[in-house]
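Colleague: Can you take me through the aromatic rings in this one? Keep it simple, please.

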Amino acid sequence: MEHQLVLSSYIVEELKEVVRRKFPDKIGITDTLLAKMNYEFVYTPDILDKTLFEIRDAKDYPVLYTAILEDVDILVTGDSDFNDVNVEKPEILTSSEFVERYC
């Protein structure tokens, strides 16, 4: 209730790609879920400044890059590749850390 979910175009496309690959008959459910959820939708640019930070998996760069660009306060992720990234903002937390600190 106190927080606003922010989803980037990159994250939404990645979600749809994974669902199409793993559960092709469930893509309609994904569309329904996204249509019913309350969130701010932000665009991930095609051309990224690759000098802001280093991350092991290049496919994760657009996620954090967009969060920085959009001035997101907290990035919630279960991806351990974000553990070694050093940025001032956003704060990078697992879902359990987020619940522990903010809920």
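This is a predicted model: local features need pLDDT of at least 70, side-chain atom pairs count only at pLDDT 80 or more; totals for chains, interfaces and linings use all residues.

Colleague: How many aromatic pairs does the structure hold?

Modeller: It holds 3 aromatic pairs. Rings of Phe, Tyr and Trp (its six-membered ring) pair if their centres lie within 6.5 Å; planes under 30 degrees apart count as stacked, over 60 as edge-to-face and the rest as tilted.

Colleague: Why is the pair of Phe53 and Tyr61 called stacked?

Modeller: Because the ring centres of Phe53 and Tyr61 are 4.1 Å apart and their planes are at 15°.

Colleague: Which residue does Tyr65 pair with?

Modeller: Tyr65 forms a stacked pair with Tyr61, at 6.0 Å centre to centre and 25° between the planes.

Colleague: Is Tyr61 buried or exposed?

Modeller: Tyr61 is buried, at 5% relative accessible area. Buried means under 20%, exposed over 50%, partly exposed in between (1.4 Å probe, protein chains only). Phe53 is buried at 7%, and Tyr65 is buried at 9%.

Colleague: New topic: what lies over the face of Tyr61?

Modeller: Lys50, at 5.3 Å from the ring centre. The rule asks for NZ of Lys or CZ of Arg within 6 Å of the ring centre and within 35 degrees of the ring normal.

Conventions:
Residues are numbered from 1 along each chain as its sequence is written. Side-chain values use heavy atoms; hydrogens and water are left out.
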